[in-house]
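Please look at the sequence and the model below, and keep them at hand as you read.

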Amino acid sequence: MTRIEKIEIQGFKSFPKKTFLSFPSNFSVVCGPNGSGKSNILDALCFVLGRTSAKSLRADRMLEMIFHGTKKRSPSDFAKITLWFDNAAKVFPFEDDKISISRRINKKGISIYKLNGRTVTRETVQEILRPALIKPDGHNIILQGDVTEVIEMSPIERREIIDDISGLREFDEKRNKAQRELLTVEERIKESHIILNEKRANLERLEDEKKSAEKYQKLTADLDKSRASLAKVKLESAEKSIKRLDDKIEKIKSGEIDKELEKIDNELDNIENKKNKIAKRLFDRTKDIAIIKEVERIKAEIRRKKDKIEMNKSQIGRTNDIIKRLEFLKQKELEGSVSKAVKDVLSLGWTGVYGTMASLSRVSKKHEKAIEVAAGPHLNDIIVSDKDVAIECVRYLKKNRIGRARFLPLDKIKPKDSKKLKKFAFEDGVVGIALDLIEFDNKYYNAFSFVFGNTLIVDDISTAKRLGIGNARFVTLDGDLIEKSGAIIGGYYTRKKAFIGREEIEKYSSHKIQLQKEIEESENEIIKLEKELEQFTTKEKTESKELIEMQKERGKLEERFESLTNKRKRLFEEKMSYQEQINNLRIRKARFEAELENLKLEFENYKKTETYQISARALEIKIKETMDKINVLGAINMKALEEYGEQKIVYDELKEKVDKLTEERNKILEVIADIEGKRKEVFMKTLEGVREEFKIVFKDLMKGEADLRLLGGLDSGLLIEASTKGKKLMNIDAMSGGEKTLTALAFLFAIQRFRPAPFYVLDEIDAALDRPNTKKTVELIKKYSTNSQFIVITHNEATIQEADCVYGVSMEEGESKLVGIRMPS
């Protein structure tokens, strides 16, 4: 334990000169009249220990600590206090037996602390004094009014004294710091949760889009596989179909029917010979041989004519079928070469929609390629009656999002002047003006003139060069194009098949016309022959029995002849049917070959794709179902596959951050709970310790009982209760003035005993006490001074008489004077 050995005061308040106070014993008194400056010694002690509040030193400003002068003495330039502590017990971390602490303040208000003569900071001084439980505002320094303050305190304020000596401020600071950290973390968690929720919503959206994209990828892969499978199946089917067609054509070409027809023709010749012989015999037997001969000739001629009519009719029927098939196939080929938009418009069947340029024209095979090139993109232009029909068609395409098409309204399209081209008409190598080489209905003239009216067809590019490139728009027979601008487009040209098949249709149409003409001619000839036969029949006479027999035989031969003729007719029809089949098979073969080429090109894209082993019909259904599923998906964000992964990383990192913040918050809550637990534990331990000391001090002081208790929880007020001998415990607020003062002193002494300080400074604590109570107080101080140092400031004689060392303070001309007296023991 340490103690104050002496204090030096210079220029402080009312002490202008260096003044020394030594404290050789543990009970020292500073006395003097009111206003003498005795309390300034206490202020000097608090000042050097590091108090920073001027009001706690009974001043308005720290500059008031400096002696301000008198009439005879000038003001001091500074105030300086030096305090010496005993360090024999090595309470302080120094080897010296004594340590000194000084504080000097100048008129600028600057304080300088020194420790053993070395300049240090206030914090250093506080740190050195802390182990000895010495603080500038500790409870071991009781200033004027402190006792009264305890008496007048509310229960809450009294409890706060226990908080202070318990060191709860440290716990409160830790708790407040933790709560501030908690508030910061909560704010960060709140902000992070807002961002996290936004990220989660975005991530969920991206996850849905990612799933759709993955489903789309899977469906498109399956669609490719199905299309590859269908292409493969169709390719194999086309190859097999072509082989079967080749086999059928070969079988039909084998000539079996021709052999049968040859056999029938031979038999017919034999019958004809026999008939001729019978006719000769009959001629020999009859008188009017010329008539019989003529009759037979007419009959035979009529039969031949009728047979020819029947055969021609059969051929016309078959030819009509062939033409229909060819036109159907031609239409299919045309549909394959036009866009969906053109197909849909043509399929509407609207009035005023006539057809495409290609479908409304005929071109000779020789000129087909040149006309295709000359038409260019106009080949599938749709010719319509007027602009209103064209606009309506455009609206239909736009509304249904089908595609685009070009329309040529006849009321607006202007024909092109081809007169300038006629000067080239008779030049060598000139085929003609393109417009003149096309057959079309004259009502479409404006449209065809618009497309072809400025184009000249020549045999080759050399002719165009000779005629002068730039003089006209030239197209060669093999498809080279020389624009009037000078641009030349040429090379190998792949036909668009716009006019392919027309020549064959025209060939069959011409054949049909020829057959119809032959039928009409034969019918007219039969009418003439039947009239002649009727005239000769009336003249023919009945012949003999032998003649009748010959006629019967001749009738049988005629029947046989007719039967063979009918059989030959059937075989011929069958032969013609086979020929038709061959034509159809050849057409189908050509179609399959074209399809095969397309399928080979299509399958080339799927060479490395795995295929299904199912039928074409099942594959078509599967493709349709897959396409429906893809359409149901709607718009696909393929970037979601990549964005989801990136956003997932960001989300996970943010979530991890939030989890860490949550964990940090929980730890802070645990720390706060731990602080609260320890705070309560320390408080209750301190309260219990002070309570026990209070009981002891009060008993020593008043020979009575006392107690301390909380009104409620840890943060409730503190109730001070006491009673003198023979009385009930009562609240300090209900006591008399003297009892209140002694109880308050007992409470303050209890605090000091619980947390013993090396010294106690008491400033006029006995001012309000009567002599008996003063005596009790002095006896208590005397008792406790055996273990602790007491410096008492008083003007009470009873207290002065009991002190070991007394300093008397007087005021002379504004200066405090000091006189020391060592009291006899």
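## Pockets and cavities

In this predicted model, 31 residues line the largest pocket, and those nearest its centre are Lys 135, Asp 137, Gly 138, His 139 and Asp 164. Several elements give two or more residues to this lining: helices H2 (122–129), H3 (146–152), H4 (155–166), H5 (168–252) and H17 (737–754), together with strand E8 (141–142). H4 gives the most, with 4 residues. The pocket has a volume of about 1,200 Å³. Its lining is made up of 13 charged, 12 nonpolar and 6 polar residues.

Now for the cavities. How many cavities of 30 Å³ or more does a search of the whole structure find? There are 2, and the table sets out some of their values.

| Cavity | Volume | Element giving the most to the lining |
|---|---|---|
| Largest | about 70 Å³ | H1, 3 residues |

Which residues line the largest cavity? They are Ile 4, Ile 7, Phe 23, Ile 41, Leu 42, Leu 45, Leu 83, Val 761, Ile 791 and Ile 793. Strand E1 (4–10), helix H1 (38–49) and strand E23 (789–794) each give two or more residues to this lining. By class, the lining has 10 nonpolar residues, with no polar and no charged ones.

The second largest cavity is lined by Ile 765, Asp 766, Thr 774, Thr 777, Val 778, Ile 781, Val 792 and Thr 799. Here the classes are 4 nonpolar, 3 polar and 1 charged.

Definitions and conventions. Residues are numbered from 1 along each chain as its sequence is written. This is a predicted model: local features need pLDDT of at least 70, side-chain atom pairs count only at pLDDT 80 or more; totals for chains, interfaces and linings use all residues. Side-chain values use heavy atoms; hydrogens and water are left out. On a 1 Å grid over the protein atoms alone, a cavity is a set of points where a 1.4 Å probe fits but cannot get out, and a pocket is an open set with protein on both sides within 12 Å along at least five of seven lines; lining residues have an atom within 4 Å of a point. Grid points are joined across faces, edges and corners, and a volume is the space filled by probe spheres set on the points. Ala, Val, Leu, Ile, Met, Phe, Trp, Tyr, Cys and Pro count as nonpolar, Asp, Glu, Lys and Arg as charged, and the others, Gly among them, as polar.
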